Amino acid sequence: RYLLGEDNLFNRQIAKSFLTQADVQVTEAEHGARAVELARRQEFDLILVDVQMPVMDGHQATAKIRSDPRFTALPIYAMTAHATLEERDFCLANGMSGHIAKPIDPALLYDTLSKVTRHVPQAVGDTSAPTEAAVAAPADFPAVEGVDSADGLRRVGGNNKLYVKLLRQFASQQADAVGQIRAALATKDTEGATRLAHTLNGVAGNLGAGPVQTAAAAVEQLLRDGSPADATNPALEQLAVVLDPFLARLRAALAMGAPAPAATAAVDPAQIR
């Protein structure tokens, strides 16, 4: 029984797909406070938490869980897009058992978790190709410039149906990602802007959309570093240059219509805040 704390729907679907294939029961928490609540009420063999979550982040949630003597030895793993030695050491220093890099590599995920839980997850088939349970690539499977579909399929365990579903969600939900980041910065919500860039970075990576991931990662890093507007604005422009045509190609390949235009009515910034 695993608890999965992750605010991003894309990442939850992908991680849950891997875990359920490995005969793991998954309980989902959409933010850190919910993860703490569930950990105290139910029994889990392992907890996975995203480092960046609203309400309470992964580090704060881990500290809360560890404060209960029942959970001092419970394996708690961070999931983070920052796969550096410094990030790993920071996770360990904050009470975590280790960390798993995102985008998730299925083989590494199974190998890591098999070392720390009573139930040993096993990859279902070859994770570099579609699993036995996955159907053959459908006739309308999109071939889109800017997407390494082989990499994307590998990251969802070869599940074509899930992969196409995630591509559709990306095309509809990330259409105004740059506008949302700019709106957050306009209200001095740097934390919110960073989270939006982090989400785009991680989701693009999971789907194999390398150019979008690279551009989003550059924006995220600048925001994390507290860079001035004259540095972040060109990076946002570059992200739009990469993202907008990519989304148009993706919607065309998936036979999706253009997204509805954003509302243009005048708004009160104070009201929005």
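The model is predicted. A search of the whole structure gives 2 aromatic pairs. The table lists them with their geometry.

| Aromatic pair | Centre to centre | Angle between planes | Arrangement |
|---|---|---|---|
| Phe10 and Phe170 | 6.5 Å | 75° | edge-to-face |
| Phe170 and Phe246 | 6.0 Å | 70° | edge-to-face |

Phe10 belongs to helix α1 (residues 9-21) and Phe170 to helix α7 (residues 160-173), so their pair ties together parts that are 160 residues apart in sequence. Both Phe10 and Phe170 are buried.

The pair of Phe170 and Phe246 is edge-to-face as well. It links distant parts of the chain, with Phe170 in helix α7 and Phe246 in helix α11 (residues 229-253), 76 residues apart. Phe246 is buried, as is Phe170. Through these ring pairs, Phe10, Phe170 and Phe246 are joined into a cluster.

The helix packing concerns another part of the chain. Helix α2 (residues 32-41) packs with helix α3 (residues 58-66) at an angle of about 20°, and their axes are 9 Å apart. Angles under 35 degrees count as roughly parallel, and α2 and α3 are therefore roughly parallel to each other. Their crossing is right-handed. On the α2 side, the contact is made by Gly32, Val36, Ala39 and Arg40, and on the α3 side by Ala61, Lys64 and Ile65. Sorted by class, the contact of α2 with α3 has 4 nonpolar, 1 polar and 2 charged residues.

How values were computed
Residues are numbered from 1 along each chain as its sequence is written. This is a predicted model: local features need pLDDT of at least 70, side-chain atom pairs count only at pLDDT 80 or more; totals for chains, interfaces and linings use all residues. Side-chain values use heavy atoms; hydrogens and water are left out. Axes are lines fitted to C-alpha atoms, for helices over the stretch in contact, and angles run from 0 to 180 degrees between N-to-C directions. Helices (H or I, at least four residues) and strands (E, at least two) are DSSP runs, numbered from the N terminus. Angles under 35 degrees count as roughly parallel, over 145 as roughly antiparallel, 65 to 115 as roughly perpendicular and the rest as oblique. A crossing is left-handed if the near helix is turned anticlockwise from the far one by less than a right angle, and right-handed if clockwise. Contact means heavy atoms within 4.5 Å. Ala, Val, Leu, Ile, Met, Phe, Trp, Tyr, Cys and Pro count as nonpolar, Asp, Glu, Lys and Arg as charged, and the others, Gly among them, as polar. Rings of Phe, Tyr and Trp (its six-membered ring) pair if their centres lie within 6.5 Å; planes under 30 degrees apart count as stacked, over 60 as edge-to-face and the rest as tilted. Buried means under 20% relative accessible area, exposed over 50%, partly exposed in between (1.4 Å probe, protein chains only).
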